[in-house]
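Work through the exercises below with the sequence and the coordinates at hand. Each task is followed by a solution in steps.

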Amino acid sequence: MEDIKEKLQGLILQALKIGVEKGELRRVPVPPVELEAPKLPAHGDFATNVAMAMAGLQKRPPREVAQTILNAINDTDHLLARTEIAGPGFINFFISNEYWHRVLRQIHESDYAYGRSDIGKGRKIQIEFVSANPTGPLHVGHGRGAIVGDALCSILRASGYEVEKEYYINDSGRQIHTLGLSVFLRYQEFHGASIDFPADCYQGDYIRETAQAVAEKEGRHLLEISEDEAVAFCAKFAASNILNGIKQDLIDFGVTFDNWFSEQSLFDTGAVDKALQSFKDQGTIYEKDGALWFRTTDFGDEKDRVVVRTNGITTYFASDIAYHRDKLRRKFDRIIDIWGADHHGYIPRISACVEAMEYEKEKLKIILIQLVNLLRGGNPVAMSTRAGEFVTLRAVIDEVGRDAARFIFLTRRYDSPLDFDLELAKRQSNDNPVYYVQYVHARISSILRKAHADGIKPPSSGDSVDLTQLKEPEELALIKCMAHYPAVAAESAKLMEPHRIPFYLTELAATFHSYYNKHRVLTDERTLTAARLYMVSAVRIIVRNGLQLMGVAAPETM
RNA sequence: GCGCCCAUAGCUCAGUGGAUAGAGUGCCGGACUACGAAUCCGUAGGUCGCAGGUUCGAAUCCUGCUGGGCGCGCCA
């Protein structure tokens, strides 16, 4: 596919070469030719600072260098309508309408593939996210991580990366034991026992519900076996029960995974023992004060970390070492962990583990999602799984809707904290920007329906359309905006920043709505109508593709 | 105390070392007898937290400070 920017870049590079050959430019290293889209239309479609960047080594004023470059440009294909030298030495380029019109053909030809690229071709990425403990339902904070991870995956896949999504289930260790104990106590209560329920047990109503389910299934059976056995049974039952709920919540939120990786399986297969042994052999794990320590200080951590306690029980870090060792050996080019920002203190020890295995530190990227502050009418809502005080993700989806919730989560950089006001979200669900964008899709669909009803056939191929009909400033602005989409999608993937997609779509929507209010698509002139139908269908293609990356519906009607 | 993240319009937030820093929302005032008014047009609103530095040029990069969030366990 022909890219205007690349073509222009080629012209400039060629001009530089000619300049040198003619002896008009010194034979010195040239800086990279960077082209940017200026904010002001008066500054052209593209501008470059290359003349300013070269001025020093050329020992000539920037504007003079710029003129030399322009003189040497050989625009045989008439890509440029006009050029100018501006300000301190910018070169501004104005692309001819003909080339902008070609963008519409590209969009139609590419259709679903418009905005896709192969910049990640041949690269395998593993991305692990959510990984909430199966000790309680998902809450809003998990929702943010889920959506960012899910969208990131779609964005990377659209750029040619091969991506695998994984959920790490912490179905082992102390919190699972506490979960089992909590359920068992409620179970005993259910059978009439008077229980002094400990404060460090899980307090939520879902514990009672689970206990009741256990009672329905097992009757009084658990009262007749040893407490250890009973607690273990409850733990397994509850964890699996809760995990099923989590899976359902994620499905309803449109989030899917390729793998569900169990922490317990690392113990069952001996992976933890093997990992610890391997580091012991290597000398990275040593014994002190009756415990086993990982030498994380060798890799920049502030202190060494315990992997096996004096009581012989492994720490969470031990499973995590084994888990990351497993992931690293699965031959990915890169593995990504998405964590809540409150886990940032954990980064040095896990990257120590990566380095101890002699992988490059960059092999593992950790994305920290800042916390979601839950508010109700401006007042903070306490959030604690253990205390049973939280608003579930399900409640939020039910209240504000899946599309609106996804859009809210994605319309912010993940590294800045998010205030999520339930009342505001509910009230704003009607003027959430998501509807602004979706409305474009519905509106264009409606125009096409109307055209069909009036017996107007949309152009079947770009060749049959007279695109020179499209010359209104609003039309060219719309086409230029559309032309940016592939770059936005690629940039979003390269920087791993999903928020760029919704911001772009909002801008495209604004440009479209503005155009729509000023000009009619269906006019009395046949060729003009055909050209405009061709153009707005192209807008619809981009909106649909962009929303698809976000996991948001593109409705025909609203 | 140490570490990580953040600070841009009243509020919520974008912003690629570039030219006059932008949206949404809220306030005020306008636009449907035509393809969907979930839309559009206009007015007002700024010490880019503060102070230095780097350079032709800094909201953007560097240093220090201030303010806020989070973390600093043989918990997970």
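A residue counts as buried under 20% relative accessible area, as exposed over 50%, and as partly exposed in between, with a 1.4 Å probe and protein chains only. The model is predicted, so local features need pLDDT of at least 70 and side-chain atom pairs count only at pLDDT 80 or more, while totals for chains, interfaces and linings use all residues. Residues are numbered from 1 along each chain as its sequence is written, chains are lettered from A and ligands numbered from 1 in the order in which they are written, and side-chain values use heavy atoms, with hydrogens and water left out.

**Exercise 1. Cysteines**

Task: find how many disulfides the structure holds, and state whether Cys201 is buried or exposed.

Solution. 
1. Take a disulfide as a pair of cysteine sulfur atoms within 2.5 Å. The structure holds zero of them.
2. For Cys201, the closest cysteine sulfur belongs to Cys234 and is 12 Å away, which is too far for a bond.
3. Cys201 is buried because its relative accessibility is 2%. Cys153, at 1%, is likewise classed as buried.

**Exercise 2. Helix H4**

Task: compare the span of H4 with its expected value, then list what covers its buried residues.

Solution. 
1. Helices are DSSP runs of H or I with at least four residues, strands are runs of E with at least two, and both are numbered from the N terminus.
2. The expected span is 1.5 Å times one less than the number of residues. H4 covers residues 97-110, 14 residues, and its first and last C-alpha are 21 Å apart, close to the expected 20 Å.
3. Its buried residues are Tyr99, Trp100, His101, Val103, Leu104, Gln106, Ile107 and Ser110.
4. With contact set at heavy atoms within 4.5 Å, the cover of these residues includes helices H1 (4-21), H17 (473-483) and H20 (526-550), together with strands E2 (46-48) and E4 (90-95).

**Exercise 3. Positive phi**

Solution. 
1. Glu358 is not a glycine, yet its phi is positive, about 65°.
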